[in-house]
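Subject: Structure for you, with notes

Hello,

Here is the structure I said I would send. My notes on what was found in it follow below.

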Amino acid sequence: MRFLIFGDVVAKMGRRALAATLPQFREQYQPNIVIANVENLAHGLGVTGKSLNEIVEAGVTMATSGNHIWDKPEGIELLDQENSILIRPANYPEGTSGKGWKKLSVDGKTVLVVNLLGRVFMKDLVDCPFRTFDAVFDAEPADIVIVDFHGETTSERGAFAWHVDGRASLVYGTHTHVPTADERVFPRGTGFVTDVGMVGARDSVIGVAPETALPGYLNAKKTRFTWPETGIARVYGIVADVDPKTGHTTSIQRITQEVDIA
Ligand SMILES: [Fe+2]
Ligand SMILES: [Fe+2]
């Protein structure tokens, strides 16, 4: 079973870049499931129904998120909708809106998609992502288990992959918006990459216009961020094949494409 996965899709430029490239990627790779992280989808912060529809129309079938999912009330409403394709990290405390995992039925196989938030250098007070995974994994048996680990550090995400090796089919990182070149399969069959990278403006600071990102570093000025809407966009993603019989990843590759958004 083939998964086409995108990390954080950032603002209008990310949405347009995905819409411009996804049909061709789908044609080329013929994925069974297309997953994108939507925490930055609507003007860089959070998600709305309209912005989510845009990428669903382009071919995204499942949406994960992260710490920015709470930034727009509309996004929280989407989390609470019945049969929502949108999930949030599972390790937010009990009582939080939405669900942290979703079970899909694909070609007679069950695919469990789990979203987790790291705790290292993250402000949100969440439960242990390692133990939360253990609990979800035991409670929700599935043929294939896919994990979006939304984390700040490379080490926490790498340690997590070792923790779930042989149980999760595929673990991929999101949140840092920069792809890492360490895609591999762990000894017991878990595919892994520390960060998938974003879909968004190339000439930016992780998606944000440099002129609004720089003042915070140079003179502590709190500048309102803006997100470039035209120019070159980078589309980063991964394509992974999982054997439904074993639940193991058989191949994982990175994809990178630039597209001119006029
Ligand atoms: Fe993000
Ligand atoms: Fe994030």
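In these notes, a residue is called buried when its relative accessible area is under 20%, exposed when over 50%, and partly exposed in between. Asp 8 has a relative accessible area of 0% and is therefore buried. Please keep in mind that this is a predicted model.

**The two iron ions**

Asp 8 is one of the residues that hold the iron ion (ligand 1); the others are Glu 39, Asn 40 and His 177. The donor atoms are OD of Asp 8, OE of Glu 39, OD1 of Asn 40 and NE2 of His 177, at 2.0 to 2.2 Å. Why is the arrangement around the iron ion (ligand 1) irregular? Its four donor atoms subtend angles of 90 to 171°. To count as tetrahedral, four donors need all angles between 85 and 135 degrees.

Along the sequence, the donor residues of the iron ion (ligand 1) follow the spacing D-x30-E-N-x136-H. Distant parts of the chain are linked here: Asp 8 belongs to strand β1 (residues 2-8), while Asn 40 sits in the loop between β2 (33-37) and α2 (49-58), 32 residues apart. Asn 40 is buried too, because its relative accessible area is 4%.

Glu 39 and His 150 are both buried.

Which residue coordinates both iron ions? Glu 39 does, and the two ions are 3.6 Å apart.

Most residues other than glycine have a negative phi. His 175 is in the loop between β7 (170-174) and β8, and is buried, with a relative accessible area of 12%.

His 43 also has a positive phi, of about 50°, and is likewise not a glycine. His 43 lies in the loop between β2 and α2. With a relative accessible area of 47%, His 43 is partly exposed.

**Helix α2**

The buried residues in α2 are Gly 49, Ser 51, Leu 52, Ile 55 and Ala 58. What covers them includes α1 (11-29), β2, β3 (62-64) and α3 (73-80). Just after α2 comes Gly 59, with a positive phi of about 125°.

**The six-stranded sheet**

Six strands make up an open sheet with mixed pairing, in the order β4-β5-β6-β7-β9-β8. β4 (101-106) and β8 (184-185) are at the edges; each has a single partner strand, so one side of each lacks a neighbour in the sheet. β8 pairs with strand β9 (residues 191-193) in the antiparallel sense, over two bridges. Val 185 has Gly 191, in β9, as its bridge partner.

Helix α4 (residues 129-139) packs on the sheet and touches β4, β5 (109-117) and β6 (144-150). The direction of α4 makes about 160° with that of β5.

Val 114 is in strand β5 and is buried, with a relative accessible area of 0%. Leaving out residues up to four places away in sequence, Val 114 touches Ile 87, Gly 100, Trp 101, Val 136, Val 145, Ile 146, Val 147 and Asp 148. The C-alpha atoms of Val 114 and Tyr 217 are separated by 35 Å, with the two residues 103 residues apart along the chain.

Thr 132 is in helix α4. Is Thr 132 buried or exposed? Thr 132 is buried, with a relative accessible area of 13%. The side chain of Thr 132 reaches the backbone oxygen of Cys 128 at 2.7 Å. Apart from neighbours within four places in sequence, Thr 132 is in contact with Ala 90, Asn 91, Leu 116 and Asp 127.

Regards

Notes. Residues numbered from 1 in each chain as written. Chains lettered and ligands numbered in written order. Predicted model: local features only at pLDDT ≥ 70, side-chain atom pairs only at ≥ 80, totals over all residues. Heavy atoms only, no water. Donors = N, O, S within 2.8 Å, 3.2 Å for Na, K, Ca; no water. Tetrahedral: all angles 85-135°; square planar, octahedral: opposite > 155°, others 65-115°. Helix = DSSP H or I, 4+ residues; strand = E, 2+ residues; numbered from the N terminus. Buried < 20%, exposed > 50% of the residue type's maximum accessible area, 1.4 Å probe, protein only. Pairing = 2+ DSSP bridges. Contact = heavy atoms within 4.5 Å. Axes fitted to C-alpha atoms, helices over the stretch in contact; angles between N-to-C directions. Polar contact = N/O pair within 3.5 Å; in protein donor to acceptor, adjacent residues only side chain to side chain.
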